Amino acid sequence: MPDSTVLGLHHEEEHHPELLHHFADAEQQRDASSLGMWVFLATEIMFFGGLFCAYLIYRRWYFGDFAAASKTINMGYGATNTAVLICSSLTVVLAVWAAQTARRTLLIASLVVTMLLGLTFLGIKGIEYREKFVEHHVPGASFSFQNEPIPGHPGQYANPSHAQIFFSLYFVMTGLHALHMIIGLGIFTWLLTMAWKGRFTPEYNTPVEIGGLYWHFVDIVWIYLFPLLYLIDRHP
Amino acid sequence: MYFAVFFALLLGTGLTVFAATLDLGRFNAPVALGIATVKATLVALFFMHVWHASEKLTKMVVVGALFFLLLLLGLTMTDYATRPWS
């Protein structure tokens, strides 16, 4: 006779519809998701790590040229964007907390504010990129970096081809970071529709938490990019 | 708690901008990276809930990722930073 008790188990036992059958309970499922996300973030750390390594090598070789090039980027934009991202990280933790405590209005508001702050970041980034294009500081055929003094060395000027390496790293690193922001905005759009439909409850809110982890990671990358790219040598 | 971390992060940002305008000689970079690391640690521990993670494996993955990042940067620098001829 077939083991009807085993076959019927899933129907007899009451469980949350979001709990997948191969997990013992909701907590184990959440821990597994969170662990999976952290493993992904570990690969992201190595992904950005390669760029940081390249940056480190060239910065040591061409420190004066890097300092001169860094000085031409608008520090105010960078600092503002840092503050914008920190504010967005706060609204993300508020969203996670709201999802865990069944505060739907706060959850939706936090997600919307997070996305607005993300868009603000990208807007400021766009203005900054535009300035670089106008100044011909974008690597390529029209790149020009003449007579830019090296800070701390009066009468010495930066080597344009070395400065071009700085701007290449600047555009790749901030560009890759901006791409992550855009992907983050996509994830948050999805979270927002789920939240709007009322899918998140105190028992099931893992997507908000996982999306939050991604957003915070992107924030951490910027926390390092800001001083490394904008603040190499700023003292008068 | 979240707000305390938030204000600490804003304070760190202000501090790093201020420190960049000072001439600290060779200590400018370590100070900037030190502040950034404190800020990143605050975000990871409290905003990303590593401090209260119920799963020890999560903490292990975080430490492991940082270990391999330091291996990448550290071992590279043992070469590039110790070439007296270049």
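## A helix pair in chain A

Let's start with helix H6 (residues 104-134) of chain A and helix H7 (residues 160-196) of chain A, which pack at an angle of about 160° with their axes 10 Å apart. Helices here are DSSP runs of H or I with at least four residues, strands are runs of E with at least two, and both are numbered from the N terminus. The axes are lines fitted to C-alpha atoms, for helices over the stretch in contact, and angles run from 0 to 180 degrees between N-to-C directions. That angle makes H6(A) roughly antiparallel to H7(A). As for the wording, under 35 degrees counts as roughly parallel, over 145 as roughly antiparallel, 65 to 115 as roughly perpendicular and the rest as oblique. The crossing of H6(A) and H7(A) is left-handed, meaning that the near helix is turned anticlockwise from the far one by less than a right angle (clockwise would be right-handed).

Who meets whom? On the H6(A) side, the residues include Leu107(A), Ile108(A), Leu111(A) and Phe121(A); on the H7(A) side, they include Met181(A), Leu185(A), Phe188(A) and Trp196(A). Two residues are in contact if their C-beta atoms, placed from the backbone, lie within 7 Å. By class, this contact of H6(A) with H7(A) has 15 nonpolar, four polar and two charged residues. Ala, Val, Leu, Ile, Met, Phe, Trp, Tyr, Cys and Pro count as nonpolar, Asp, Glu, Lys and Arg as charged, and the others, Gly among them, as polar.

## What you're looking at

This is a predicted model, where local features need pLDDT of at least 70 and side-chain atom pairs count only at pLDDT 80 or more, while totals for chains, interfaces and linings use all residues. Residues are numbered from 1 along each chain as its sequence is written, with chains lettered from A and ligands numbered from 1 in the order in which they are written.

## The two chains

Chain A has eight helices and zero strands. Its C-alpha atoms fill a box of roughly 90 × 40 × 30 Å along the principal axes. The radius of gyration of chain A is 23 Å, whereas a compact globule of 236 residues would have one near 18 Å. (That radius is taken over C-alpha atoms, and the globule rule is 2.2 Å times the number of residues to the power 0.38.)

Chain B has three helices and zero strands. With a radius of gyration of 17 Å, well over the 12 Å that the globule rule gives for 86 residues, chain B is more spread out than a compact globule. The C-alpha trace of chain B spans about 50 × 35 × 10 Å along its principal axes.

Back in chain A, helix H5 (residues 75-100) packs with helix H8 (residues 206-230) at an angle of about 165°, and their axes are 10 Å apart. That makes H5(A) roughly antiparallel to H8(A), and the crossing is left-handed. Among the residues making the contact are Leu85(A) and Val92(A) of H5(A), along with Trp215(A) and Phe226(A) of H8(A). By class, the contact has twelve nonpolar, six polar and two charged residues.

H5(A) also packs with helix H1 (residues 2-20) of chain B, at an angle of about 170° and with axes 10 Å apart. H5(A) and H1(B) are therefore roughly antiparallel to each other. Ile86(A) and Leu90(A) are among the H5(A) residues here, and Phe6(B) and Leu10(B) are among those of H1(B). This contact has ten nonpolar, two polar and no charged residues.

## Where the chains meet

How many residues of chain B are in contact with chain A? There are 36, and they touch 31 residues of chain A. H1, helix H2 (28-47) and helix H3 (56-80) of chain B each supply at least two residues of that side, and H3(B) gives the most, with 13 residues. By class, the side of chain B that touches chain A has 26 nonpolar, seven polar and three charged residues.

## Inside chain B

Chain B is divided into domain 1 (1-52) and domain 2 (53-86), with bounds that come from an automatic or database domain assignment. The C-alpha centres of these two domains of chain B lie 20 Å apart. Four residues of domain 1 are in contact with four residues of domain 2.
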